[in-house]
Amino acid sequence: MREPGYFVLASLMDGPLHGYGVIKKAEELSGGAVTLAAGTLYGALDRLSGAGYIVSDHDEIVDGRARHYYRLTEAGRAALVAEARRLERSARAVLDRYPELEQEAS
């Protein structure tokens with residue numbers, strides 16, 4: 001799973017969001033490391049929807065503009081958790097061998 005997709009899924013953990021909400025939440029969750037451009041976001045949303053990881057939730061009009069909301073599916077939640085565990089194992093392969101690195105990062 002690519003980093004943008006991972007953070008798009010993570011941004012939807014707490015409930016449905018519209019595109020701009022996903023962008024802001026992904027940036028927050030990544031500590032500013034992930035800044036999604038609109039093209040990247042909508043490409044990721046299309047891929048994740050095609051995989052069955054997210055679905056359309058609802059639409060609303062705010063200040064005359066349509067907002068389309070997306071939500072995480074059970075399959076998306078499972079994929080997100082599996083990827084988080086994979087990333088954790090990958091990090092552990094290094095950090096467990098060099099515990100001083102973990103101390104430096106804290």
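## Helix 1 and helix 2

In this predicted model, where local features need pLDDT of at least 70, side-chain atom pairs count only at pLDDT 80 or more, and totals for chains, interfaces and linings use all residues, the axes of helix 1 and helix 2 come within 8 Å and cross at roughly 105°. Residues are numbered from 1 along each chain as its sequence is written, and side-chain values use heavy atoms, with hydrogens and water left out. Helices are DSSP runs of H or I with at least four residues, strands are runs of E with at least two, and both are numbered from the N terminus. An axis is a line fitted to C-alpha atoms, for helices over the stretch in contact, and angles run from 0 to 180 degrees between N-to-C directions.

Angles under 35 degrees count as roughly parallel, over 145 as roughly antiparallel, 65 to 115 as roughly perpendicular and the rest as oblique; helix 1 and helix 2 are therefore roughly perpendicular to each other. On the side of helix 1, Phe 7, Val 8, Ala 10 and Ser 11 meet Val 22, Lys 25, Ala 26 and Leu 29 of helix 2, where contact means heavy atoms within 4.5 Å.

## Helix 1 and helix 4

Helix 1 (residues 3-11) also has an axis that comes within 10 Å of the axis of helix 4 (residues 74-95), and the two cross at roughly 125°, so that this pair is oblique. Here Tyr 6, Leu 9 and Ala 10 of helix 1 make the contact with Gly 76, Leu 80, Glu 83, Ala 84 and Leu 87 of helix 4.

## The sheet and its hairpin

Three strands form an open sheet in the order 1-3-2, with antiparallel pairing, and two strands pair if DSSP finds at least two bridges between them. Strand 1 (17-18) and strand 2 are the edge strands, each pairing on one side only.

Strand 2 (residues 54-62) and strand 3 (residues 65-72) pair over eight bridges; Asp 59 stands opposite His 68, and Val 62 stands opposite Arg 65. These two strands form a hairpin with two residues between them, and Asp 63 in the turn has a positive phi of about 50°.

## Salt bridges

Side chains of opposite charge can pair when their charged atoms come close. With a salt bridge taken as a side-chain nitrogen of Lys or Arg within 4 Å of a carboxyl oxygen of Asp or Glu, the count comes to six. One of them joins Lys 24 and Glu 27, whose closest N and O atoms are 3.6 Å apart; both residues lie in helix 2 (residues 19-29), three residues apart, about one turn of the helix.
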